[in-house]
Amino acid sequence: MTIKEATSVVPATGRGGSRLLPGLLVAAGAAAVGHLVNLRFGAASPLVVAIVLGIVLTACGGNRPWLRPGLRFAATTLLRIGIVLLGLQLVLADVVGLGVGPILVVTLGVAASFLATRRVGRRLGLTADRSLLVATGVAICGASAVAAMNQVGDGEEEDVVTAVAVVTVLGTVSMIVLPALGVLFGLDEALLGLWVGASVHEVGQVVAVGGAVGATALSAAVVVKLFRVLLLAPLVALMALQRRTSGHVRKPPMLPWFVVGFVAAAMLRATGWLPTGVLDLGSVAGTLLLAAAMFALGAAVDLRSVAHGSRTALTAGTVGTVVLSTVTLAGLALTT
């Protein structure tokens with residue numbers, strides 16, 4: 001049973017927040033666990049940990065009807081608020097400091113990867129929604145990008161979890177392969193950092209690889225990765241526009257409110273008005289909200305259906321990852 005269906009079978013007992021509280025408390029606990037795991041193992045995304053916990057909950061028979069109103073709220077409202085707060089993590093001045101060349105290269109790499117992943121996915125038989133989510137996760141920023149794109153798409157929870165699984169596996173492989181290739185190709189630390197930020201999928205994975213290479217690589221990797229996160233807003237807006245003009249039954253808003261909020265949060269940070277403590281709190285709060293939402297999405301998933309469709313999705317994601325890595329390395333080598 002999906003989260004979309006769950007509220008139709010929940011007894012109409014309790015009022016307002018009392019019906020939401022059990023599911024929200026469980027989701028909050030899972031988000032806290034994901035956050036603690038991330039603090040202990042930096043490359044482990046709290047969103048991925050949370051979604052795994054949600055899958056385990058349902059697989060073990062723990063997803064009770066009285067949890068579902070709160071889980072649905074987490075998977076919708078909390079998710080959108082978390083996306084807005086994600087904008088507070090962006091430092092626009094650092095992104096501008098990359099220069100025109102690297103910005104154009106990374107944008108081209110993201111576009112090429114997105115289009116290649118979608119095209120290959122459709123040719124291999126993936127649904128339009130699943131190929132869209134895999135392409136978004138590979139090209140932009142992993143689990144958070146997948147969740148954001150699904151707010152304007154029609155994907156089911158299984159599509160979200162499959163896409164997250166694909167980008168997690170490919171990001172983990174990239175953590176091993178890219179540094180080795182950097183040594184083989186003789187890349188200096190700065191260029192390797194730029195390439196890592198342009199190619200590795202999850203923010204935590206980028207930080208782990210960049211930190212292992214060196215301080216210069218870490219700084220470059222994080223800035224490029226944040227620019228890829230920034231590209232989430234126009235990509236989601238473009239897909240919303242396409243859905244509105246191509247005859248889809250469900251027409252998302254021309255500019256979803258959470259995309260507007262995401263950009264507004266990034267601009268608010270750029271003003272310098274917010275103290276460091278507020279920015280840190282917003283970052284943690286955004287991560288926890290997104291993790292709670294991913295737990296709720298995972299709890300609505302049939303693990304067997306995810307396993308059945310993952311091989312094809314992994315193939316499409318691999319093609320997109322190779323395209324992203326190849327285009328960005330070639331371009332960055334020429335422009336830096």
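What is the volume of the largest cavity? The largest cavity has a volume of about 40 Å³.

This is a predicted model, in which local features need pLDDT of at least 70, side-chain atom pairs count only at pLDDT 80 or more, and totals for chains, interfaces and linings use all residues. Residues are numbered from 1 along each chain as its sequence is written, and side-chain values use heavy atoms, with hydrogens and water left out.

**Cavity and pocket**

On a 1 Å grid over the protein atoms alone, a cavity is a set of points where a 1.4 Å probe fits but cannot get out. A pocket is an open set with protein on both sides within 12 Å along at least five of seven lines. Lining residues have an atom within 4 Å of a point. Grid points are joined across faces, edges and corners; a volume is the space filled by probe spheres set on the points.

| Space | Volume | Lining by class |
|---|---|---|
| Largest cavity | about 40 Å³ | eight nonpolar, no polar, no charged |
| Largest pocket | about 520 Å³ | 12 nonpolar, 10 polar, one charged |

Here Ala, Val, Leu, Ile, Met, Phe, Trp, Tyr, Cys and Pro count as nonpolar, Asp, Glu, Lys and Arg as charged, and the others, Gly among them, as polar.

The cavity lining includes Ile83, Ala148 and Phe262. Helices α13 (232-245) and α14 (257-270) each give two or more residues to that lining. Helices (H or I, at least four residues) are DSSP runs, numbered from the N terminus.

The largest pocket is lined by 23 residues. Pro46, Gln89, Val203, Gly204 and Thr287 lie nearest its centre. Helix α15 supplies the largest share of this lining, five residues.
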